[in-house]
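This briefing turns to the charged side chains of the structure shown below and to the pairings among them. Please read it alongside the sequence and the model.

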Amino acid sequence: MLTVPKDYNLTTFKQIDSTNDAAKRMVKSGDLARKALILAEEQTSGYGQRGRVWESLKGNLHLSIVLETAKPLQKLQELVFLTAVTVSDYIEKQLSQSLDVKLNVKLKWPNDVLINSKKVAGILLETIKHQEKQYVIIGIGVNLAHTPSVSDQVVTSLKEIGDIEITPEEFLSGFISQFNTEYDNWQQNNHFDVIRSMWQQRAYNLSKQVMIYDGTQNISGVFCGIDQRGAIILELSNGERTAIDYGKLL
Ligand code: BTN
């Protein structure tokens, strides 16, 4: 059974182009609650970071959380980290209930959730304004039943990794209450420090030599953590530290 906190308005689709695109249309039509959830069994044009195709097969989670918020745009990026922490917490709980061995759930900067170095979930944050109101759309894709084929990424699913059978409805019901608690705290108290430290505890390749593609060049350095804005901090070979706001950890 699908249960969500009562302040959320839930819309479900059997098939839709993309739950994030559906969210934008619903915002523009003006009849969206302050907190809304859009869940689709299948997406025909699901997309991820940098416009990449997000293969969206029935059995996986395709969810958009839509929130009206007046926070400044630069703070909204923090919600990627908040979402990654709550999604990974929930996945870790599922794994520990089903498996004897403890598997590492890691967070790859900025928006991926990994199990044993393989991508199991991705987050895509978009914003939209309509008639003085600002909304953030948090798109979440979790590979539950199927492992999609992605050319340049190693991916997995909960089914593949631990034979865990969890439906999108169960995942949403289990994950959304913790998300909502964290979101309300963030909205009221601006507590990015707590989220930041929880995110860093799970950070993939922390303290290791990494390479970031920032859109124009590759930058390598030791991954020292994320700063107050969520930018990745690298220590370069000359000992200087640099913070990179946007890019891809290679
Ligand atoms: C990424 O890792 O690149 C982010 C993937 C985000 C996929 C989700 S599925 C639900 C929502 N609708 C979309 O079209 N994309 C996001």
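Asp 89 is partly exposed in this predicted model, with a relative accessible area of 21%, a value just outside the range for buried residues, which is set at under 20%. The salt bridges, of which there are 19 by the rule applied, are taken up below by topic.

**The pair of Asp 89 and Arg 202**

- The side chain of Asp 89 meets that of Arg 202 in a salt bridge, with an N to O distance of 2.8 Å.
- This pair links distant parts of the chain, 113 residues apart, since Asp 89 lies in helix α3 (residues 78–98) and Arg 202 in the loop between α6 (192–201) and β8 (209–213).
- Arg 202 is buried, because its relative accessible area of 13% falls under the 20% cut-off.

**The pairs of Glu 41**

- Glu 41, which counts as partly exposed at 24% relative accessibility, forms a salt bridge with Lys 14 at 3.4 Å, N to O.
- Lys 14 lies in strand β1 (residues 9–16) and Glu 41 in strand β2 (residues 35–43), so their contact ties together parts that are 27 residues apart in sequence.
- Lys 14 itself counts as exposed, at 60% relative accessibility.
- The side chain of Glu 41 also meets that of Lys 58 in a salt bridge, at 3.6 Å from N to O.
- Because Lys 58 belongs to the loop between β2 and β3 (61–68) while Glu 41 is in strand β2, this pair ties together parts 17 residues apart in sequence.

**A network**

- Asp 7, Lys 35 and Asp 184 are joined to one another in a network of salt bridges.

Terms used. Residues numbered from 1 in each chain as written. Predicted model: local features only at pLDDT ≥ 70, side-chain atom pairs only at ≥ 80, totals over all residues. Heavy atoms only, no water. Salt bridge = Lys/Arg side-chain N within 4 Å of Asp/Glu carboxyl O. Helix = DSSP H or I, 4+ residues; strand = E, 2+ residues; numbered from the N terminus. Buried < 20%, exposed > 50% of the residue type's maximum accessible area, 1.4 Å probe, protein only.
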